[in-house]
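Morning, everyone. Please have the sequence and the structure open while I talk.

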Amino acid sequence: MTLNQRSTIEVATATARLSFVARSEVGSVRKINEDSVLAQSPLFLVADGMGGHAQGDVASQTVLRVFDEHIARDLPSTPERILDAIHSSNDAVRDLSAADDYGTAVSGTTLAGIAFVDAGDDIGYHWMAFNVGDSRVYTWAEGVLTQLSIDHSAVQEMVDAGLISTEEAENHPERNVITRAIGADEFVDADVWLLPALGEHSFLICSDGLTKELDDAAIARILAMDIGSDAAGRSVADVLVDEAIDHGGRDNVSVVYLESTFD
């Protein structure tokens, strides 16, 4: 699945101009793509169904359905509506599992995304980033790639505790163990950030199928190429996904890349 679109969000005093591309692929090893991608203003997200768990693909698709039902298109949303969609998604994914399911029988999915929101009269328009699990949200500004989200994973907790290095985490046997997921618990604890929307912003949202194969430096090199489309007509999302697959493609790979101007 590949998407390349532009859209605008009109507000009383300004216009947000958005350009975005998205692509999701099964990769070189898996038989089913358990990732799902939603890219339609004002909402952009990636959900990665939990590998080895029941109905991972259905879980990620369920999140997209719930968000699509909750969030109006081409209008600013609100932080409250985004949080409600996250909690409603958790309820809907939990409904996929039987009451006595446990372990890998429980349906679940990661979630990472951004939304254009009106945070209120005193706060104004912002990009709201959110994540549950180890799918990621990055910012790209002035040639610097910065991971905005924090991985909810066993190895990240070990890195934070000083037990292992970032390099050791990349090959640790528990690198696929996540500590938060949509559908895993009765209450979902999402991390959120608000970034003022004024000016220019670029965001990368991806499943761990990208970051397993390409480190941040490799991703930054591709973004620095300033690809509108290459000689083969590929977008930056295409190039990132193709590079990840060329490096092994051990997991499903999903990417959303968004550029915005708000003035």
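I'll start with a pocket and then move to a few backbone details.

Keep in mind that this is a predicted model.

How much space lies in the largest pocket? About 660 Å³. Its lining has 23 residues. Closest to the centre of that pocket are Arg136, Asp151, Ala169, Glu170 and Thr211. Find those five on your screen.

Now look at the helices. Helix H3 (154–160) supplies at least two residues of this lining.

What kinds of residues make up the lining? Five are nonpolar, seven are polar and 11 are charged.

Next, the backbone. Go to Ser41 and Pro42. A cis peptide bond joins Ser41 and Pro42. The omega there is about 10°. Where does Pro42 lie? In the loop between strand S3 (35–40) and strand S4 (43–48).

Last, two phi angles. Asp74 is not a glycine, yet its phi is positive, about 60°. You'll find Asp74 in the loop between helix H1 (56–70) and helix H2 (79–94).

Glu142 is not a glycine either, and its phi is positive, about 50°. Glu142 sits in the loop between strand S7 (136–141) and strand S8 (144–147).

Are these two buried or exposed? Asp74 has a relative accessible area of 39%, so it counts as partly exposed. Glu142 has a relative accessible area of 83%. The cut-off for exposed is over 50%, so Glu142 counts as exposed.

That's my tour. Over to you.

Terms used:
Residues numbered from 1 in each chain as written. Predicted model: local features only at pLDDT ≥ 70, side-chain atom pairs only at ≥ 80, totals over all residues. Heavy atoms only, no water. 1 Å grid on protein atoms, 1.4 Å probe; cavity = no way out; pocket = protein on both sides within 12 Å on 5 of 7 lines; lining within 4 Å. Points joined across faces, edges and corners; volume = space filled by probe spheres on them. Helix = DSSP H or I, 4+ residues; strand = E, 2+ residues; numbered from the N terminus. Nonpolar A, V, L, I, M, F, W, Y, C, P; charged D, E, K, R; others polar. Buried < 20%, exposed > 50% of the residue type's maximum accessible area, 1.4 Å probe, protein only.
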